[in-house]
Amino acid sequence: ARRWDVEYIPRTCNKDADRLATLACRLRVMMGLQALLALPAQRERREQQGQMPIPVKSAIQNLDSNTRDLDLYLQRTKDYQKKYQTKRLQIDGFKVWMDGVSVAETAVMLEPYESGKMPGTVWTEETTIHWLEAFHTAGFNFHFHCEGDGALRTELNAIEAVQKKHGRLGRRHVIHHASVIHPDDMPRFK
């Protein structure tokens with residue numbers, strides 16, 4: 001399935017937006033959360049007609065990497081959940097990027113790249129724990145983008161610290177990609 005985001009959806013009239021939503025549903029294309037939110041009337045009609053082929057669970061993304069306002073993003077996540085959540089669309093958390101990608105040597109690894117490059121995580125472990133704890137105790141899952149084993153270890157450390165302090169509370173925090181996993185960290189996945 002192809003993921004469509006707002007940037008790929010042309011600014012169109014309602015008639016064109018309706019055709020786009022119809023085409024996506026007919027093709028069983030999974031539209032990204034941003035596209036679903038950009039076409040609220042079409043999404044609601046498709047859902048009522050039973051034409052949303054799969055339920056969607058998604059997280060609000062930190063779209064401004066320069067903004068580190070925890071209260072702003074926690075409130076925004078709550079607002080999105082209240083405004084957009086339906087039987088078929090669930091806003092279940094918040095997503096952050098902890099590192100880049102290995103092909104660009106921006107994924108955070110435990111060992112340096114052959115070039116000698118050794119990037120750090122976007123967020124420190126302390127910051128990650130602070131944000132994760134706030135979302136965890138507010139009832140949200142936390143989604144992490146992670147490619148390298150160094151970023152993964154930071155994420156696992158944060159998840160364990162928050163769960164040790166507060167318990168699981170029914171949360172299912174998500175690590176996306178986990179392309180490189182150090183063997184010592186394998187047993188930590190539960």
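1. In this predicted model, Lys 95 stands opposite His 143, a residue of strand 3. Strand 2 (residues 89-97) and strand 3 (residues 141-146) run parallel and are joined by 5 bridges; two strands are taken to pair if DSSP finds at least two bridges between them. Helices (H or I, at least four residues) and strands (E, at least two) are DSSP runs, numbered from the N terminus.

2. The open sheet is formed by 4 strands in the order 1-2-3-4, with parallel pairing. Its edges are strand 1 (56-61) and strand 4 (174-177), each of which pairs on one side only. On average, neighbouring strands of this sheet are turned by 35° against each other, direction ignored.

3. Helix 4 (residues 70-84) packs on the sheet, where it touches strand 1 and strand 2, and its direction makes about 155° with that of strand 2. Helix 5 (residues 125-137) lies across strand 2 and strand 3 and runs at about 145° to strand 3. Axes are lines fitted to C-alpha atoms, for helices over the stretch in contact, and angles run from 0 to 180 degrees between N-to-C directions.

4. How do helix 4 and helix 5 cross? Their axes come within 11 Å and cross at roughly 30°, and the two helices are therefore roughly parallel to each other, given that angles under 35 degrees count as roughly parallel, over 145 as roughly antiparallel, 65 to 115 as roughly perpendicular and the rest as oblique. In this contact (heavy atoms within 4.5 Å), Leu 70, Tyr 73, Leu 74 and Thr 77 of helix 4 meet His 130, Trp 131, Ala 134 and Phe 135 of helix 5. By class, the contact of helix 4 with helix 5 has 6 nonpolar, 2 polar and no charged residues; Ala, Val, Leu, Ile, Met, Phe, Trp, Tyr, Cys and Pro count as nonpolar, Asp, Glu, Lys and Arg as charged, and the others, Gly among them, as polar.

5. Helix 5 also packs with helix 6, at an angle of about 45° and with the axes 9 Å apart, and these two helices are therefore oblique to each other. Among the residues making this contact are Ile 129, Leu 132 and Glu 133 of helix 5 and Ala 158, Val 162 and Lys 165 of helix 6. The residues of the contact of helix 5 with helix 6 divide into 6 nonpolar, 7 polar and 3 charged.

6. On confidence, the protein averages a pLDDT of 79, and 73% of the residues score at least 70, pLDDT being the predictor's confidence in each residue, from 0 to 100. Among the elements, helix 1 (residues 14-26) has the lowest mean pLDDT (52) and helix 6 (residues 149-166) the highest (97). Over residues 1-13 the pLDDT is below 50, although this stretch has 23 contacts in the model beyond near neighbours in sequence.

7. Residues are numbered from 1 along each chain as its sequence is written, and side-chain values use heavy atoms, with hydrogens and water left out. Local features need pLDDT of at least 70 and side-chain atom pairs count only at pLDDT 80 or more, whereas totals for chains, interfaces and linings use all residues.
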